[in-house]
Amino acid sequence: MVFRLYDIVLFLAAFILAPYGLLKGLRYGNLWRGFGERFGLYKSERLQSLQGRKVIWVHAVSVGETRASIPLLRELRKQFPDSAIVLSSLTYTGRMTADEIEEADLCIFLPYDLSFIVQHALKQIKPDVVLLVETEIWPNFIRKLYELNIPVMMVNGRISDKSFPRYWLIRPLLQPLLKMFTRFCMQSRQDELRIIRLGAASKQVTITGNLKFDLPAPDFSVAEVTEHKKKYRLPDGVPVWVAGSTRQGEEELILDAYSTLLNAGLKLILVLVPRYPDRAKPISELIGKRNFSCRLRSEIDSSSSQLKTGEILVGDTLGEMLKFYSCADLVFVGGSLVPIGGHNILEASLMNKPVIFGPYMQNFKAISKLLIATGGGRQVEKGTLAETVKELMENDDERRDMGALGGKLFAEHSGATVRTVELVGQILGGRV
């Protein structure tokens, strides 16, 4: 009865979601994939690579989860070379990131969670195991997997401070779904305890660690970093402050800090990269109103003049965050000065860059504490942002030490990927 009611509510919501999906598809230039795939409609030739092979279906919601799944996908390919890997996304930016991952045999959008759509999609994909990255709980998707006796695992699982009270409110509805999972691979002891309190069987829960610590470091040579700076028209000898994954309400605070730093006589260039590229235009308008000179990354080419101290480069493209970070002397990671919960600060540490972030880090609570404790990162308040940037920009040795300590953190906490894939192997081994 509950699932039938859920289907009715979702079906009615589809009249809003479907047109929205069409508009997003048109915007990102992939109308058919964005619309048809959400209804479980795939061209037959795209499914050919799955025929006659065991299928591992990995679902990662958006960009962050997709990037976090890269080590997992690579290890799955290494350990199960004859299996087909399907990678699904929920958002367009996640899908565009997924398309660049060569380990995936097929990239698709997750179908709408209506019973008949999910069932149709599963009949075509025919997965042998499904891995849901972090905390993705789609009732009909999970129920249909259970009914078809297809194992489903939560990998890199976490229950944040913000989401736990919400899940607790719907615990009577959530508990039966959690019983349908084959295995939970959680990031930490706290995540383990929380998922058990919500209804997961303790014998099915394992602490495997955080996949983000296994992210491969881009092997950018000195020459490549020089080329990145040249491409972005960043001059040599002028320090670069990269503010990445910023959210609404943070740009004003960053511009305030930038103005303070310039007025204090600091020579500096700001690279501002919003979490969502479609916000670049309103951000550039905001920058103009603040009397700063700015340029969009998409408008820069080899004929463009170099940026100067006091100018701002706004990132409005996808897939270049690590390249921006490679050019940075200091990185600020957004979603943390406003109550969003923070974004992945490990990407900056992966590049051996000193990283700072705001007080709202609920989504990365354990990681931020580790980074602060090891000296690889600093937490700032709105009022201390400019002061901290100035202090670090004037101290080359401290920035270098912070970056090195952050990079060292990866080696000390790696291994989640191998532990997770071992459990996947145990499940796949029992599948005919």
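Colleague: Is Asp 161 buried or exposed, or in between?

Modeller: This is a predicted model, where local features need pLDDT of at least 70, side-chain atom pairs count only at pLDDT 80 or more, and totals for chains, interfaces and linings use all residues. Residues are numbered from 1 along each chain as its sequence is written, and side-chain values use heavy atoms, with hydrogens and water left out. Buried means under 20% relative accessible area and exposed over 50%, with partly exposed in between (1.4 Å probe, protein chains only). Asp 161 has 26% relative accessibility, so Asp 161 counts as partly exposed.

Colleague: Which residue forms a salt bridge with Asp 161?

Modeller: A salt bridge is a side-chain nitrogen of Lys or Arg within 4 Å of a carboxyl oxygen of Asp or Glu. For Asp 161 the closest N and O atoms are 2.9 Å apart, and the partner is Lys 365.

Colleague: How many residues apart in sequence are the parts that Lys 365 and Asp 161 tie together?

Modeller: Helices (H or I, at least four residues) and strands (E, at least two) are DSSP runs, numbered from the N terminus. Lys 365 lies in helix α16 (residues 365-374), whereas Asp 161 is in the loop between β5 (152-157) and α8 (163-169), so the pair ties together parts whose separation in sequence is 204 residues.

Colleague: Which helix holds both Glu 147 and Arg 143?

Modeller: Glu 147 and Arg 143 form a salt bridge, with the closest N and O atoms 3.2 Å apart. Glu 147 is partly exposed at 47% relative accessibility, while Arg 143 is buried at 13%. They are four residues apart, about one turn of the helix, and both lie in helix α7.
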